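The following report describes selected features of a protein model. Please examine the sequence and the structure before reading on.

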Amino acid sequence: MEEEAPIIYGLDFQARSLCAQYGETEMVRFLIGTQSLKSENSIHCVEYDEESVLVSKFVYPHPLGEIWQTNAHPNQADIISTVHKGQNQKMSATIYKMSPVPSNGQSIDTLDPTSHGQLKAIASLESSDEKEVAKVLWQPNDGNKVVTVSTDSQINLWDFSNDGKVQNAIFSEPLCKTHNQVTAANWSPHHGTNQVAVAMETNLQVVDLRSVNKGSIYNIENAHIEPIRDLDFNPNRQYYMATCGDDGCVKFWDVRNLSSPVLNRHDHYHWVWQVRYNVFHDQLVLSAGSDARVVLTSAASLSSEPFGKLMSDDKDNDDDEDVRSPLADGVITAYEEHEDSVYSVAWSSADSWTFASLSYGGRLLIHRVPRSLKHSILF
Amino acid sequence: MSKEATENDKRKRNNLLSQYYGITKEKDVENLFDVDGKHFNADAYVDKLVQETSLKQLIDKEQELVREIQSLDSEMQTLVYENYNKFILATDTIRQMKSDFKTMEDEMEKLVQDMSQIATFANSISSNLQDRRQQITKLSNIHELLKNLQFLFDLPTKLKSSVEEKNYSLAVKYYAKSEQVLKDFGDHPSFSGIQSDCQEIVTTLRKCLKDQFVRAEVTSRELEESVTLLSKLGESSTSLALEFTVINKGRLEKDLDDLSSYTTSGENNGEAVLAFIEKCCNTALNNAALTIATFNNIFPLASAKDNEGLIDMAVDVINRLCPVVKTKVVEIIGLEMSEGCCLSLVAALDKFHRRLLAVQRLLMSDNQWSSILITDVAQIISNRAAENLVVKWTQELQGWRDSWNNDNQPHGSVKFIEGALIEHIHRTLVALTAFVGNHVTFSQDYQFRQTFGRRHVREGVFIMSLKKLSIMLSNLCNATGKDNASPTLILVLSRVAIDFNQNLAQSLLSLIEEQFDIPAGFQGDNLTPISAVTAEFRQASQTLLQRYVQSESHVLVQMIRKSMDSRDWLTTSEPRSVRPVIKRVLEEISRVDSHAAQLYEEGSRKDRSSDSSRRTHHSSSRMQQKSSWSSLGPSQLDSSLLNNIQKLFSERIDLSGTVEPNKGSVVMAVIKICLKGFLECVRLKTFGKYGIQQIQVDCYYLQLFLWRFTFDENLVHSLLDEILSSAVQRCLEPVLMEPGVVELICER
């Protein structure tokens, strides 16, 4: 059971944004962007060594103000993007190259602790007019393109494929003429990475980037009764996605039938700020909420993994009463170690059984899924 | 000596005579002196007389004696004469008789002679007549034979005519008379003609009889007659029995077919069922009974095997009849079942049951047809009743949902809704009690009552429908869009669910136990304990309450969020009043409070000071503290550290959805979610100097008024503090207002 006690890492600053360093495939490493109006902000690169159970960090100062969103490049460990708000109180997006960064498989401890991390801005993703950026999305898989979504739902596509130089490819009209602000967005890894989902309050629209001004491919009116805070595509099943929102619900959708969600979980007591599929075992879904809880949910009935695998083993469940049978859809574990609202949660890119969650006070918790659950999924 | 001897002889003779005549000797002394006595002694008498009497007396005596002697003499003479005369007469008579007998002897002799002569004559006559008599006997025999022959020759004609007249029994009688003769002399050419003729006619006759046997509308009497006649004609009883069985089977099957294609003529359902059962009894059942009875009548000596064939057939028919009855009854009674319908149905079933039992006795079968049939029907009916009940309830709930008026007072609505729900289940139960009515024969069966009461009514109707109800109530929460129920209705329904949990379910169960003979509180026999149902209602009420809290707080949070988004907090002007939205939120909360108070107990408050003046002082001192630390400015003290330190002293806010069924908890839950939402909105904004002051004013105002709704004001305080401190953190120029000014603004 000791493995289920979380690793706690405290930042001294408030923080909202967290993501795994996807480019790093061997070390469990997360990036955190701090959010402070008054002090110097920075990107914290936190590494967790499973064997020594030690957490090490490396800090990259972020001079352009408080960080609202941090996104790592899908396969280049040293490239990140942030959405930040500086002195001018305008939400902007910038792409950085981090240095120094340990080479793949090397621990962060190998970096010279006396040296200072540095973020070198590669591109500032400013559209011509004075629009505020709501979200930055990396093209899944190869990361050759970036999409920025402005708060009034304008979608901009930035192309990097040409020798690392940024080419502004497309500016769309705002998707929605109403005053509803963009609250969430994500890029589908399926369909040739041409689809982007944008949530404006309670409505969700999915557009094709090739015909972005011709309206949405499909949309879900009132997907939640309160604003949608996040959404995630099932990485392995192309028609499935999850949304979460202020109504405390996590909803799973089959986009071929949008009249009602295929699964609706109401396991949070307050707003749900983020929902994330496990890339390797998509029956595992994390959600984080302002009820200061992180909930690990099983969506086994919607998983790309056949049921048979899950059904094989009962003996582990017998000696671990905390874990419900992973066969059933529902809460596997609810983590309640946070004291404040949890705004972000991320699966590790290196170890599919490890995840981190970040609460407003700057507390980072690194958890591992229960061993019995892991066994019942694997064997 | 001789004298003595004579004297002795004399005495001897006297003795003998006196013995013979029964005279006893009187040896009295006086008798010696009685002249008329036997022992009269003349000498002694004389002596005595001489001695005792005077002379005169003696002379008188002598004269008297002389007179007496003379009279006696004369008397003696007369007697002798008379006796003599009689003797003479007897002698004459004897002489005459002698001569008469002589004549009679002669006549007798003559008679003997005559008699012998007569005997001789008679003998001769009888010998003469002997020959004649033999001839006459022969003649009369021949006559008889001729008469029989005449009958035989006439037989075909007679048979034919009687067959034509349909007088089959006469025909058979004739044929039976002659059959043996014909059989014996069938070789003879003249008879063979007759025989073949007869045979031919009899074949026709047989055919006619069989036709009659087979004819559909034949009465059992006719049937019996034809069978009797046929058996007289030499049909084997086994084959007849077989044929009888087959024919009747056909007939019964036709009945069955008629019944299965029976359609009602759109009458009232109850009456239609009665009519159908009537038809069942009058056709199939009646005919089955009749068949068996007739069979027993006409084949009294039927072998066990034949009997078995028939019984098998009847059993088979009834075996098939029962499902037909079941299907039809269930079909006719339809889905809408009023109480009257049920009563008619039960009456109909009861009738069928009794008739079937009668038939069963005839069959000597111990099949459980009727009880199986009735149990099945009862089960179907009770299932249907339960489904109907659930449908009714669903409609009720939908009705309330669609026509809900938010002005409805929660308290009255609870009573109204509960009344309607109970009314429906009562009606259902009343309808079902028909099955266990006292006058119903089949319900006297203990097994049936038990199964019906426990399995069908208690489990099938009561438990099942209540479970469904609790699910329906819970499901109402999940509906979205146009099916969305009004929050007030949801609150009302949560109270309804609690009432079911606390007493309604139990009182309904008691009612059922009483009406359906279930021991009160009986738990065995795999019955679902009532606690399973009440637990579901508790669960449902919990879900509904949570849903209520969600919907109410959803509206409030939305108001707060919109108000936060619509203002530029960096450049807003100096606060002059509490924002209207905050006042609006308070109004809403007070409405929630009043609604909840109508339905729920207050709930336990944590010790709250009732002294509001002290409270005000307390809060202003808190405000003082706050402004003092904020005046230190962010540069002097790391705000996040401060935040963390503050966290150490405040409770972690429990937002978990568990809402206790009491007013305080409900209102508190709404307040918590609102304030937490407010907090989240604040954290998304950046504030200027006046922005934060506006938040300060709003928080103070909330603090002034929220305490009255909650039993845990510390929680409210800590949330409001957190809102303010988050706002401070999100503020570029965190300068708070003077508490006095804040109070002034709020009290304005």
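This is a predicted model: local features need pLDDT of at least 70, side-chain atom pairs count only at pLDDT 80 or more; totals for chains, interfaces and linings use all residues.

In chain A, strand 4 and strand 5 form a hairpin with four residues between them, and A:Val53 in the turn has a positive phi of about 50°.

A:Val53 is not a glycine, although its phi is positive. A:Val53 is partly exposed, since its relative accessible area is 43%. The loop that holds A:Val53 runs between strand 4 and strand 5 of chain A.

The pairing of strand 4 of chain A with strand 5 (residues 54-62) of chain A is antiparallel and extends over nine bridges. One pair of bridge partners consists of A:Glu47 and A:Ser56, the latter in strand 5 of chain A.

Strand 3 (residues 28-34) of chain A runs antiparallel to strand 4 of chain A, and six bridges join them. Here A:Val28 is found opposite A:Tyr48, which belongs to strand 4 of chain A.

Is strand 4 of chain A mostly covered or mostly uncovered? Eight of the nine residues in strand 4 (residues 41-49) of chain A are buried, so the strand is mostly covered, buried meaning under 20% relative accessible area.

**An open sheet in chain A**

Chain A also contains an open sheet of four strands in the order 18-19-20-21, with antiparallel pairing. Its edge strands are strand 18 (228-233) and strand 21 (263-265) of chain A, each of which pairs on one side only. From one strand to the next, the twist averages 15°.

Strand 18 of chain A and strand 19 (residues 240-245) of chain A run antiparallel and are joined by five bridges. Within this pair, A:Ile228 stands opposite A:Gly245, a residue of strand 19 of chain A.

**Two further loop residues in chain A**

A:Asn222 lies in the loop between strand 17 (218-220) and strand 18 of chain A. A:Asn222 has a positive phi of about 50°, although A:Asn222 is not a glycine.

Another loop of chain A, between strand 8 (91-99) and strand 9 (118-124), contains A:Pro100. The peptide bond leading from A:Ser99 to A:Pro100 is cis, and its omega is near -5°.

Two packed helices are described by the angle between their axes and the distance between the axes.

| Helix pair | Angle between axes | Axis distance |
|---|---|---|
| Helix 12 (residues 410-433) and helix 16 (residues 580-599) of chain B | about 40° | 8 Å apart |
| Helix 8 (residues 269-298) and helix 10 (residues 339-363) of chain B | roughly 5° | within 8 Å |

The axes of helix 8 and helix 10 of chain B cross at roughly 5°. Angles under 35 degrees count as roughly parallel, so helix 8 of chain B is roughly parallel to helix 10 of chain B. By class, their contact has 17 nonpolar, five polar and three charged residues.

Helix 12 of chain B passes helix 16 of chain B in a right-handed crossing. In this contact, B:Pro410, B:His411 and B:Val414 of helix 12 meet B:His595, B:Gln598 and B:Leu599 of helix 16. The contact comprises three nonpolar, three polar and no charged residues.

**A buried alanine in chain B**

B:Ala540 belongs to helix 15 (residues 530-565) of chain B. With a relative accessible area of 0%, B:Ala540 is buried. Apart from neighbours within four places in sequence, B:Ala540 is in contact with B:Ser470, B:Leu473, B:Ser474 and B:Ala497. B:Ala497 is 43 residues from B:Ala540 in sequence, while their C-alpha atoms are 6.5 Å apart in space.

Chain A has three helices and 28 strands, whereas chain B has 22 helices and zero strands. Buried residues form 63% of the 379 residues in chain A and 42% of the 748 residues in chain B.

Conventions. Residues are numbered from 1 along each chain as its sequence is written. Chains are lettered from A and ligands numbered from 1 in the order in which they are written. Side-chain values use heavy atoms; hydrogens and water are left out. Axes are lines fitted to C-alpha atoms, for helices over the stretch in contact, and angles run from 0 to 180 degrees between N-to-C directions. Helices (H or I, at least four residues) and strands (E, at least two) are DSSP runs, numbered from the N terminus. A crossing is left-handed if the near helix is turned anticlockwise from the far one by less than a right angle, and right-handed if clockwise. Contact means heavy atoms within 4.5 Å. Ala, Val, Leu, Ile, Met, Phe, Trp, Tyr, Cys and Pro count as nonpolar, Asp, Glu, Lys and Arg as charged, and the others, Gly among them, as polar. Two strands pair if DSSP finds at least two bridges between them. Buried means under 20% relative accessible area, exposed over 50%, partly exposed in between (1.4 Å probe, protein chains only). Angles under 35 degrees count as roughly parallel, over 145 as roughly antiparallel, 65 to 115 as roughly perpendicular and the rest as oblique.
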